[in-house]
Amino acid sequence: AASRSELLRRPIDYVRWNRELVKRVVKNSVPTTVNEMMWSGGMSAYNAAYGRISVMACAAAQTADIVTHIFTKTIYSVGDAALILVGEQLGKGETERAYAAAKKLLRLNVLLGVCAGAALIAVSRFASGMFGFSGESASYLFALLCVYGLFLPLKVYNVSIITGILRAGGDVRFAMTAEVSAIWLVSVPLVFVSALLLGLPVYVVALFAQAEDLVKAVVLTRRFRSKKWANNKVKGIEL
């Protein structure tokens, strides 16, 4: 007899509620949602500080973000794939295999981040002409892209741990605390002090903004090596 897919059961299975499953989903989704909201707010705060420097500085920062995103979107997709692969091993109860897979995927993503960062720096000289920048604004854009390219491997490293590893193990509260604290307690104050009080150029202010990734890298590395994130979040659930 032909085997039936586990996904193709009775129609009632598509609409019935599993209280324990819903509870666990909500428990994991709320910190993740707060994390993303606070991250977005932090990015908006950076842009607000850049806008207070000058119109040219703000335009250069916005353009640098657009160019950088071209080089990072594919890499972040690899982080999403890590979430699935690591989560699958954790769901099977294979903690050590999940940790080994996470290490390999983390190395791959960092290597891609190094390549993307180098490529970003390589095109930084040509980006100003593509967007019609000249003079001081072109210098701003070039410097910003160099800063972003230099720190891109570190940023990819942090994103990979948060989205692809910690969330796979349901360690969302720690991920949220680490990211939100680094942004709002470290980088946002540094950015506003350097922009509004010290009046530093936008590329120097952007350099201070990268402090969040330095802090996160230290905290997240310790968490990753501790294996406290490696939890089976579907254990005991009967569908």
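**From helices to cores and surface**

The secondary structure of the protein consists of seven helices and zero strands, where helices (H or I, at least four residues) and strands (E, at least two) are DSSP runs numbered from the N terminus. This is a predicted model, in which local features need pLDDT of at least 70 and side-chain atom pairs count only at pLDDT 80 or more, while totals for chains, interfaces and linings use all residues. Residues are numbered from 1 along each chain as its sequence is written, and side-chain values use heavy atoms, with hydrogens and water left out.

Read along the sequence, the pattern is α-α-α-α-α-α-α, and the C-alpha trace spans about 75 × 35 × 35 Å along its principal axes. Among contacts (heavy atoms within 4.5 Å) between residues at least 6 apart in sequence, 83% join residues at least 24 apart. Helix H3 bends by about 55 degrees at Ser124, the bend being the angle between axes fitted to the seven residues ending there and the seven starting there. After H3 comes Gly132, with a positive phi near 75 degrees.

Turning to the interior, buried residues (under 20% relative accessible area, with exposed over 50% and partly exposed in between, for a 1.4 Å probe and protein chains only) make up 39% of the 239 residues. A nonpolar core is a set of buried Ala, Val, Leu, Ile, Met, Phe, Trp, Tyr and Cys residues joined through side-chain atoms within 4.5 Å. The largest such core has 28 residues, of which Tyr46, Tyr50, Leu141, Leu144, Leu145 and Tyr148 touch the most other members. At least two residues of this core come from each of H1 (19-53), H2 (55-91), H3 (95-130), H4 (135-166), H5 (172-197) and H6 (202-209), and the largest share, eight residues, is supplied by H4. Apart from this core lies another, of 21 residues, which include Leu105, Ile161, Leu166 and Phe224. Leaving aside residues up to four places away in sequence, Leu144 touches Ala60, Ala61, Ala64, Val202, Tyr203 and Ala206.

On the surface, Trp17, Val22, Val26, Val30, Val34 and Met38 form a nonpolar patch with about 540 Å² of accessible area together. Val34, which is found in helix H1, counts as partly exposed because its relative accessibility is 33%.

Terms used:
Patches are made of residues with over 30% relative accessible area and no salt bridge: like charges are joined within 9 Å, nonpolar side chains (Val, Leu, Ile, Met, Phe, Trp, Tyr) within 5 Å. Accessible areas come from the Shrake-Rupley method with a 1.4 Å probe; for residues, only the protein chains shown count as cover. A salt bridge is a side-chain nitrogen of Lys or Arg within 4 Å of a carboxyl oxygen of Asp or Glu.
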